[in-house]
Amino acid sequence: MATQASPARKIAFSAAQPTGQLTIGNLFGAIQNWVPLQEHYDTLFCVVDLHALTVRQDPQQLRRHILELAAIYMASGVDPRQSEVFIQSQVPQHAELAWILSTFAQLGELERMTQFKDKAQRHRHNVNAGLFTYPVLMAADILLYGAHVVPVGEDQKQHLELTRDIAIRFNNLFGPVLQIPEPLIPTQGAARVRDLQYPEKKMSKSAEAELSRVMILDDDATVLKKFKKAVTDSLGEIRFNEDAQAGVTNLLTIWCAATGRRQEEALDHFSHNMYGKLKVETAEAVNAVLGPIRENYRQLMADPGELERILNQGAERAAHRAEKTMVQVMDVLGLPVAGRRMRAGV
Ligand code: TYM
C-alpha cells in the first residue's frame with residue numbers, strides 16, 4: 001500500500017471532477033502527467049465529488065461517475081500502492097478548511113475567476129454560492145496536504161494563483177503554516193487540448209457536440225470517426241500555428257502527446273502530407289494509448305468491491321494527513337484543538 005510520507009519527498013496533489021466521462025484533454029493535460037510524479041513525490045489523487053455538486057447532478061449517475069473516475073485514474077497508471085487515491089467527500093477536512101479559507105478570499109478575487117463567469121453563463125438558472133466559492137474549496141484541497149506541486153491543465157492556472165494568494169495571505173498573518181504550491185502545467189500544447197469541432201475552444205467533457213470531444217473510453221472506430229471529422233482549414237499546410245490553424249495545431253499537439261514525440265519530430269513526420277493522413281495517424285496514436293487504459297478500466301470495474309476498499313483506505317490515510325494541517329490552522333487562529341489532537345494522535 002501507499003508508502004508513508006517521508007519528509008525528504010515533496011508532495012504532489014491533483015484532482016478531477018466526476019461530472020461525466022473524461023476526455024483525452026483530461027488525460028494529456030493532466031492525468032498522464034500525474035503518473036511519473038509517483039516515482040519522486042508523495043502523491044495524492046482525489047475524486048472531487050463536492051466540487052461536482054456546484055452543477056446539479058443526478059444522484060445515481062454521480063455515484064457511478066465517482067467510482068468510474070477513480071477507476072480511470074488507476075487504469076491510466078495511478079498506482080494505489082504508490083499514491084493515495086480517494087474521494088473528497090470521504091475526508092471531511094476539505095469542507096472544513098474551505099470554510100476557514102473563505103474568510104481569507106475576497107469577493108473581488110472570486111468575481112474575477114473566468115471559470116466562474118463561464119459557468120455562471122452556462123448555468124444561468126443555478127448560479128449558486130458554491131459555484132462562486134468553488135476555487136476556495138479547491139484551495140483547501142491543495143493546502144490541506146501541503147502540496148508543493150499541482151499538475152493541472154492550463155484552465156486551472158487562475159485557480160492555482162488564487163490558492164497561492166490565499167496561502168500567502170494566511171501565512172503573512174499567522175506564520176508559515178501553509179505550503180505555497182506551484183502549478184505544474186505541461187509545455188508544448190497539451191495543457192490545452194482543443195475541441196475537435198470548434199478548435200478555438202478547449203476540449204470539454206460537457207461539450208454538446210459528441211464529435212467535439214474524444215472520450216478515454218471511446219472505442220477505436222469512434223475515435224477514428226471523430227478525428228476524421230475534425231475541423232481543419234483550407235491552407236493545406238501542416239505546421240504549428242495556433243492563430244491561423246488552430247485545428248491542425250491541435251491534431252499535431254495530440255499526436256505529440258500520444259506518441260511522446262517533440263514538435264519538430266511531428267513536423268518532420270508529417271511534412272508533405274495531407275490533412276487526411278494527419279487525422280488518421282493521430283487517431284491511431286490516440287488509440288494506441290487508450291487501448292490498454294480501456295482494458296485496465298474494464299478489469300478494475302469488474303471488481304467494484306476492491307475499488308471501494310482501495311478508496312476507503314486512501315481516504316483514511318488522506319484524512320490522517322489532513323488532520324495535521326487542520327490542527328495547525330485552527331490552533332494559530334485561536335480555535336480549540338486539544339480534543340482533536342487527542343482523537344487523531346497528532
Ligand atoms: P476538471 O475535472 O475539469 O479537469 C481535470 C484536469 O484536466 C485538465 N483539463 C485539460 N487539460 C488540457 N486540455 C483540456 N482540454 C483539458 N480539460 C481539462 C484540467 O486542467 C484538470 O487538471 N477544478 C478542477 C478540479 C480540482 C482540482 C483541485 C485540480 C478540484 N480541486 C485541486 C487540482 C487540484 C477541475 O474542474 O478539473
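User: How does the shell around the ligand divide into nonpolar, polar and charged residues?

Analyst: Happy to walk you through this predicted model. The shell has 14 nonpolar, 8 polar and 5 charged residues. Here Ala, Val, Leu, Ile, Met, Phe, Trp, Tyr, Cys and Pro count as nonpolar, Asp, Glu, Lys and Arg as charged, and the others, Gly among them, as polar.

User: Which residues are the closest to the ligand?

Analyst: A residue is near a molecule if one of its heavy atoms lies within 4 Å of it. In this model 27 residues surround the ligand, and the closest are Gln 17, Tyr 134, Asp 141, Asp 155 and Val 193.

User: What lies 2.6 Å from a nitrogen atom of the ligand?

Analyst: A polar contact is a pair of N or O atoms within 3.5 Å. That nitrogen atom has an N or O atom in the side chain of Asp 141 at 2.6 Å. For Asp 155, a polar side-chain atom is 2.4 Å from an oxygen atom of the ligand. The protein buries 97% of the 700 Å² that the ligand exposes when taken alone, with accessible areas from the Shrake-Rupley method and a 1.4 Å probe.

User: How do I read the packing of α4 and α7?

Analyst: Two packed helices are described by the angle between their axes and the distance between those axes. Helix α4 (residues 93–102) packs on α7 at about 115°, with the axes 8 Å apart. Axes are lines fitted to C-alpha atoms over the stretch in contact, and angles run from 0 to 180 degrees between N-to-C directions. Residues are numbered from 1 along each chain as its sequence is written. Side-chain values use heavy atoms, without hydrogens and water, and side-chain atom pairs count only at pLDDT 80 or more, while local features need at least 70 and totals for chains, interfaces and linings use all residues.

Technical notes: Polar contact = N/O pair within 3.5 Å; in protein donor to acceptor, adjacent residues only side chain to side chain. Helix = DSSP H or I, 4+ residues; strand = E, 2+ residues; numbered from the N terminus.
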